[in-house]
Amino acid sequence: MASESKPAYQPKDAISASVRSTMIVGGAGLFLSAVQNSLTRQNVTGWGVLTRTGGTIGVFAAIGGGYEFARVAAANLREKDDSWNPTIGGFVGGSIVGLRYRSFPAVLGFGALLAIIQGTFDYTGGKMTGFARDAEVDEYERMEQMRRNKRRPIEETLHELGEGRGIYGPGYQERRAERLKKRYGVDIPQPA
């Protein structure tokens, strides 16, 4: 019995990944802070993005950096790339959210919530659109195979639905002409 050997785990740079994630998620926090600043009732200057609602930027940056660092560091320490790494990173990121409330149950609760969400998301494929299709299979051929696979015989369709509405079996014209002659006494000429 041949066992499939997995390729050796290649360590990733946790610092560069966390700095990149901090910048990206911090940029999202800056955008959200700008939206918060623009929706305030008081007339706040443009610097309010940093002074009044700037905490949002810091929290978002810390969540992104903490998540990514914990995810990559866990993968490097465990030497595995599986669904537990986003779960660990999600716990760290969620715990940072909970720190805003200055309550230990909030830290654990938000950490557990984000860990469950991230771990489940990664375990189920990590995409909102579902699993990726095989890139080597032509899409037209795949659709044709699905169509052939689900096609029903005409006899089964006629038995379930009956004739009419665009569904006609073999010999329909003759049966129709006979039925009209019997019921109304009208001869219907047969098409050539």
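**Exercise 1. Is R142 buried, partly exposed or exposed, and which salt bridge does its side chain form?**

*Solution.* The model is a predicted one, in which local features need pLDDT of at least 70 and side-chain atom pairs count only at pLDDT 80 or more, while totals for chains, interfaces and linings use all residues. Residues are numbered from 1 along each chain as its sequence is written, and side-chain values use heavy atoms, with hydrogens and water left out.

Step 1 is the accessibility class, for which buried means under 20% relative accessible area, exposed means over 50%, and partly exposed lies in between (1.4 Å probe, protein chains only). R142 has a relative accessibility of 22%, so this residue counts as partly exposed.

Step 2 is the partner, where a salt bridge requires a side-chain nitrogen of Lys or Arg within 4 Å of a carboxyl oxygen of Asp or Glu. The side chain of R142 meets that of E139 at 2.8 Å, N to O, and E139 is itself partly exposed, at 38%.

Step 3 places the pair, using helices taken as DSSP runs (H or I, at least four residues; strands are E, at least two) that are numbered from the N terminus. Both E139 and R142 belong to helix α6 (residues 139-150), and they stand three residues apart, about one turn of the helix.

**Exercise 2. Describe the salt bridge of K12 with D81, and then that of D187 with K181.**

*Solution.* Step 1 is the count: by the rule, there are six salt bridges. One of them joins the side chains of K12 and D81, with an N to O distance of 3.8 Å. This pair links distant parts of the chain, since K12 is in the segment before α1 (14-38) and D81 is in the loop between α3 (55-78) and α4 (84-99), 69 residues apart.

Step 3 turns to D187 and K181, whose side chains form a salt bridge at 3.1 Å, N to O. D187 is exposed, with a relative accessible area of 55%, while K181, at 43%, counts as partly exposed.

**Exercise 3. Classify the aromatic pairs of the structure by the geometry of their rings.**

*Solution.* Step 1 sets the criteria: rings of Phe, Tyr and Trp (its six-membered ring) pair if their centres lie within 6.5 Å, and planes under 30 degrees apart count as stacked, over 60 as edge-to-face and the rest as tilted.

Step 2 takes Y101 and F110, whose ring centres are 5.3 Å apart and whose planes meet at 5 degrees, so the pair is stacked. Y101 is exposed at 54%, and F110 is partly exposed at 30%.

Step 3 takes Y168 and Y172, for which the centres are 4.4 Å apart and the planes at 35 degrees, so the pair is tilted. Y168 is partly exposed, with a relative accessible area of 44%, but Y172, at 16%, counts as buried.

**Exercise 4. Which residues form the positive and the nonpolar surface patches, and where do some of them lie?**

*Solution.* Step 1 defines a patch as residues with over 30% relative accessible area and no salt bridge, with like charges joined within 9 Å and nonpolar side chains (Val, Leu, Ile, Met, Phe, Trp, Tyr) within 5 Å.

Step 2 identifies the positive patch as R176, R179, K182 and R183. Among them, K182 is found in helix α8 (residues 172-184) and is exposed at 77%.

Step 3 identifies the nonpolar patch as I15, V19, M23 and F69, with about 400 Å² of accessible area together. The largest share, three residues, comes from α1; F69 is found in helix α3 and, at 38%, counts as partly exposed.

**Exercise 5. Examine the backbone and the location of E79 and R102.**

*Solution.* Step 1 concerns E79, which has a positive phi of about 55 degrees although it is not a glycine. E79 lies in the loop between α3 and α4, and its relative accessibility of 57% makes it exposed.

Step 2 concerns R102, also not a glycine, with a positive phi of about 55 degrees. R102 lies in the loop between α4 and α5 (104-123) and counts as exposed at 81%.

Conventions. Areas by Shrake-Rupley, 256 points an atom, 1.4 Å probe, with all protein chains shown as cover. Lys, Arg positive; Asp, Glu negative; His and termini not counted. Charge placed at Lys NZ, Arg CZ, Asp CG, Glu CD.
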